[in-house]
Number of protein chains: 2
Amino acid sequence: MGIKVSEVTKKFVRKTILKNVSFELEPNRIYGLLGRNGAGKSTLLNIMTDRIFPNDGVVTLNGVAIHEHDAQLGKIYLMSEVNLYQKRQRVAALFKASKLLYGGFNESYAKQLCEAFELNPKLRFGQLSTGYRTIFKLIMALCLPVDYVFLDEPILGLDANHRELFYKELLDSYSRHPRTFVISTHIIEEVANMLEHVFVLENGKILIDDDVDRMLSQAYVITGPGATVDAYTQGLNIIGTESLGNLKGNYIFGNLNDDREIPDTIQISRMDLQKLFIHLTSEGSTIK
Amino acid sequence: MGIKVSEVTKKFVRKTILKNVSFELEPNRIYGLLGRNGAGKSTLLNIMTDRIFPNDGVVTLNGVAIHEHDAQLGKIYLMSEVNLYQKRQRVAALFKASKLLYGGFNESYAKQLCEAFELNPKLRFGQLSTGYRTIFKLIMALCLPVDYVFLDEPILGLDANHRELFYKELLDSYSRHPRTFVISTHIIEEVANMLEHVFVLENGKILIDDDVDRMLSQAYVITGPGATVDAYTQGLNIIGTESLGNLKGNYIFGNLNDDREIPDTIQISRMDLQKLFIHLTSEGSTIK
């Protein structure tokens with residue numbers, strides 16, 4: 001059960017965008033798909049919804065290849081930066097058309113969301129600002145009867161109030177009607193609490209495929225006088241370092257080897273997901 | 001000294017975007033300009049750089065009106081979403097042209113920033129992705145010899161690593177060469193620590209003009225059983241409320257009236273700037 005991506009490779013003219021990528025999405029979970037700009041996230045999501053085709057590899061949903069299978073594709077919705085909608089069409093008409101296409105649409109919830117976000121469904125798609133086009137697509141994503149919702153940069157152009165409202169609605173909707181979400185965003189800090197499992201894509205490869213709790217349980221910052229910090233962290237997996245005068249912080253991903261005594265002058269604290277991501281994917285990170 | 005915005009009003013065909021807006025920017029401070037989508041932030045910054053003209057009111061720099069005064073305008077740089085650069089021009093050539101226009105440009109710092117952000121200065125502007133166009137404009141903003149730098153959505157398309165690098169460089173550059181920055185962004189949480197003073201614009205009016213420390217010193221969340229929280233916060237300036245089962249959180253902006261005894265079952269904690277902003281600018285907020 002679920003979506004299985006098997007050994008997917010995608011090349012554009014000069015460049016290999018995805019290199020032999022494999023992973024699985026289980027039903028009813030919330031995933032994060034993280035990566036630097038240009039890591040291949042959007043290409044991957046487009047392949048997983050059959051909008052573009054891999055040079056190699058296959059994507060299946062419940063064991064059936066999605067490629068050109070409308071029954072499978074009808075269970076997946078990709079919300080992306082690309083605007084696929086006719087500019088002259090009104091919001092309400094686009095909702096209706098999607099209902100036909102996907103065989104269902106939660107109209108009462110859409111009405112409630114339009115009110116909460118103050119989106120007038122009589123407006124034409126072309127009249128909407130960047131923020132409101134995002135809101136329109138988010139409402140679509142939350143109201144269609146699909147099992148897999150992929151959100152590529154879901155908060156583009158949203159102000160802080162609208163972002164908070166969206167995160168709240170996503171969780172409410174998920175708890176009423178569990179399904180799988182994949183959230184790809186650069187504003188990691190704001191979604192970190194929602195994510196159960198994270199994929200980190202780097203240079204077209206899966207760098208991390210792990211549960212968030214497990215990842216964070218191995219992520220530490222050791223701060224204190226430079227020499228003491230270096231001595232204590234020797235041999236550990238240092239993924240980043242920062243200095244402030246003669247103070248130093250070493251970022252560790254992995255076991256701390258905690259049998260040893262901890263020097264009084266150093267402090268051990270936790271890293272949040274965004275900070276961990278930054279250090280895992282920065283130039284010169286040792287995990288590469 | 002500084003920039004003075006006096007009674008600025010701006011109307012577009014059907015709508016008044018700015019209504020009698022007045023405030024001052026002092027030299028060498030870091031300001032935040034916050035507001036919901038459509039509040040008038042970009043219009044205001046465009047008026048302050050003479051890109052568009054107000055229907056009423058005036059903007060001065062050190063006592064001299066900026067309108068059509070090149071000497072004044074040469075001391076201000078506005079980095080915005082609008083791309084004013086020729087797509088065929090190479091990054092290096094655009095830096096050189098700006099040097100002529102502004103009478104100076106920190107070329108060695110620009111070179112260092114290009115390396116840090118991995119921006120190839122031989123590329124043409126039109127070849128850059130959204131993220132790299134942003135990076136190009138940020139380098140311009142940090143390297144020009146201006147006294148006032150306005151940054152309108154400075155992190156558009158930047159991944160978490162590039163955002164962190166930009167915040168660090170902004171602070172480094174500011175400490176070496178103090179000048180005034182105005183940062184307008186929706187990702188408030190990430191810039192909150194840098195801001196000394198905040199303007200909140202709402203529906204074309206200045207809602208808040210205050211130091212960040214002072215604002216946050218009056219911003220509390222009172223959580224606990226609903227009835228106890230309501231009783232304790234009665235008469236206080238409640239700007240928002242959240243519920244979770246029979247627990248409740250009331251968001252307060254103002255004095256707590258602390259002579260009273262605090263019930264054991266309630267907790268008082270601080271609000272961060274983004275949360276405060278959300279509650280100040282949400283529908284039905286009592287400060288309006």
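This is a predicted model: local features need pLDDT of at least 70, side-chain atom pairs count only at pLDDT 80 or more; totals for chains, interfaces and linings use all residues.
Colleague: What makes up the secondary structure of chain A?

Modeller: Chain A has 10 helices and 14 strands. Helices (H or I, at least four residues) and strands (E, at least two) are DSSP runs, numbered from the N terminus. The C-alpha trace of chain A spans about 65 × 40 × 35 Å along its principal axes.

Colleague: Why is B:Glu169 called buried?

Modeller: Buried means under 20% relative accessible area, exposed over 50%, partly exposed in between (1.4 Å probe, protein chains only). B:Glu169 has a relative accessible area of 7%, so B:Glu169 counts as buried. B:Glu169 sits in helix α6 (residues 160-176) of chain B.

Colleague: What is B:Glu169 in contact with, leaving aside its neighbours within four places in sequence?

Modeller: B:Tyr109, B:Leu113 and B:Leu142. Contact means heavy atoms within 4.5 Å.

Colleague: Which residues touch the most other members of the largest nonpolar core?

Modeller: A:Phe136, A:Leu151, B:Phe136 and B:Leu151, in a core of 122 residues. Such a core is a set of buried Ala, Val, Leu, Ile, Met, Phe, Trp, Tyr and Cys residues joined through side-chain atoms within 4.5 Å. In soluble globular proteins, nonpolar side chains tend to be buried together. Leaving aside neighbours within four places in sequence, the contacts of A:Leu151 include A:Met79, A:Phe166 and A:Phe181.

Colleague: How do you know that the two copies are related as by a two-fold axis?

Modeller: A rotation of 180° with 0.0 Å of shift along its axis superposes chain A on chain B, with an RMSD of 0.1 Å. The two copies are thus related as by a two-fold rotation axis. The same surface serves both: 100% of the contact residues of chain A recur in chain B. The superposition is by least squares on the C-alpha atoms of residues with pLDDT of at least 70 in both copies.

Colleague: What makes β2 and β5 of chain A edge strands?

Modeller: They belong to an open sheet of 4 strands, in the order β2-β1-β4-β5, with antiparallel pairing. β2 (15-25) and β5 (64-65) each pair on one side only. Two strands pair if DSSP finds at least two bridges between them. β4 (residues 56-61) and β5 of chain A have 2 bridges, so they meet that cut-off. A:Thr60 stands opposite A:Ala65 in β5(A).

Colleague: Why are the buried residues of α9(B) said to be on the same side?

Modeller: In helix α9 (residues 226-233) of chain B, B:Gly226, B:Val229, B:Tyr232 and B:Thr233 are buried. They cover an arc of only 140° around the axis, which puts them on the same side of α9(B). The arc is that of the directions from the helix axis to the C-beta atoms. The buried residues pack against β11 (219-225), β12 (238-244), β13 (247-253) and β14 (267-270) of chain B.

Colleague: Why is β11(B) described as mostly covered?

Modeller: 5 of its 7 residues are buried. β11(B) runs antiparallel to β13(B), joined by 7 bridges. β11(B) also pairs with β14(B) in the antiparallel sense, over 4 bridges. There, B:Ile222 stands opposite B:Ile268.

How values were computed:
Residues are numbered from 1 along each chain as its sequence is written. Chains are lettered from A and ligands numbered from 1 in the order in which they are written. Side-chain values use heavy atoms; hydrogens and water are left out.
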